[in-house]
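Biologist: Hi! Could you walk me through this one?

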Amino acid sequence: MKTVFSVWQQRIAPVFDTARQVHLVDAAGGRITAESDHEVDADLSQRIAWLKVQDVGTVVCGAISRPWQERLEAAGLTVVPFVSGELAEVMQAWLDGTLRGTAFAMPGCCGRRRMRCGRGRGHGRRRF
């Protein structure tokens with residue numbers, strides 16, 4: 001299986017939904033065996049079809065809307081969201097298995113999925 005990284009100016013694109021450039025990587029044994037840059041369709045259905053044709057199994061991206069993430073996952077893709085950083089560094093962390101740490105978390109994400117710093121679900125406003 002291959003991994004695709006959404007990119008903008010050699011960095012992880014800040015928002016997957018609007019990103020038009022991806023970097024496709026095929027890796028085996030902790031090493032990159034092939035890589036290439038592609039422009040992808042803005043339409044999510046077309047994008048998913050392209051990812052499936054390319055045999056992509058994982059999408060690494062910045063912010064992503066919940067509906068887009070759910071559709072990608074429903075199509076059998078693994079989504080690694082809220083990543084930021086230079087493409088080369090993120091790819092190396094992906095290969096090393098260290099991408100999930102806070103070093104590559106988008107600012108304000110604290111390494112947590114869709115949560116604000118120090119606040120999880122159930123915190124904040126209370127209804128009585």
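Biologist: Which residues are buried in helix α3?
Modeller: In α3 (residues 87-96), the buried ones are L87, V90, M91 and A93. Buried means under 20% relative accessible area, exposed over 50%, and partly exposed in between, with a 1.4 Å probe and protein chains only. Helices (H or I, at least four residues) and strands (E, at least two) are DSSP runs, numbered from the N terminus.

Biologist: How do they sit around the axis of α3?
Modeller: The buried residues of α3 fall within an arc of 160 degrees seen down the axis, so they line one face of the helix. That arc is taken from the directions from the helix axis to the C-beta atoms.

Biologist: And what covers them?
Modeller: The cover includes β1 (2-8), β2, β3, β4 (31-39) and β5 (56-60). Just after α3 comes G97, with a positive phi of about 80 degrees.

Biologist: Before I go on, what should I know about the model and numbering?
Modeller: This is a predicted model, where local features need pLDDT of at least 70 and side-chain atom pairs count only at pLDDT 80 or more, while totals for chains, interfaces and linings use all residues. Residues are numbered from 1 along each chain as its sequence is written, and side-chain values use heavy atoms, with hydrogens and water left out.

Biologist: Thanks! Which residues of α2 are buried?
Modeller: In α2 (residues 66-74) they are W68, Q69 and L72. They cover an arc of only 95 degrees around the axis, which puts them on the same side of α2. P67 and A74, on the other side of α2, are exposed.

Biologist: What do the buried ones pack against?
Modeller: They pack against α1 (44-53) and β6 (78-80). After α2 comes G76, whose phi is positive, near 95 degrees.

Biologist: New topic: where is D17?
Modeller: D17 is in the loop between β2 (11-12) and β3 (21-28).

Biologist: Which side chain does the D17 side chain make a polar contact with, then?
Modeller: With that of S65, at 2.6 Å. A polar contact is a pair of N or O atoms within 3.5 Å; within protein, one must be able to donate a hydrogen and the other to accept it, and residues adjacent in sequence count only if both atoms are side-chain atoms. Leaving aside neighbours within four places in sequence, D17 is in contact (heavy atoms within 4.5 Å) with R47, A63, I64, S65 and W68.

Biologist: And T3, buried or exposed?
Modeller: T3, in strand β1, is buried, with a relative accessible area of 8%. The T3 side chain makes a polar contact with the side chain of W94 (3.4 Å). Beyond neighbours within four places in sequence, the contacts of T3 include H23, L24, T58 and V60.
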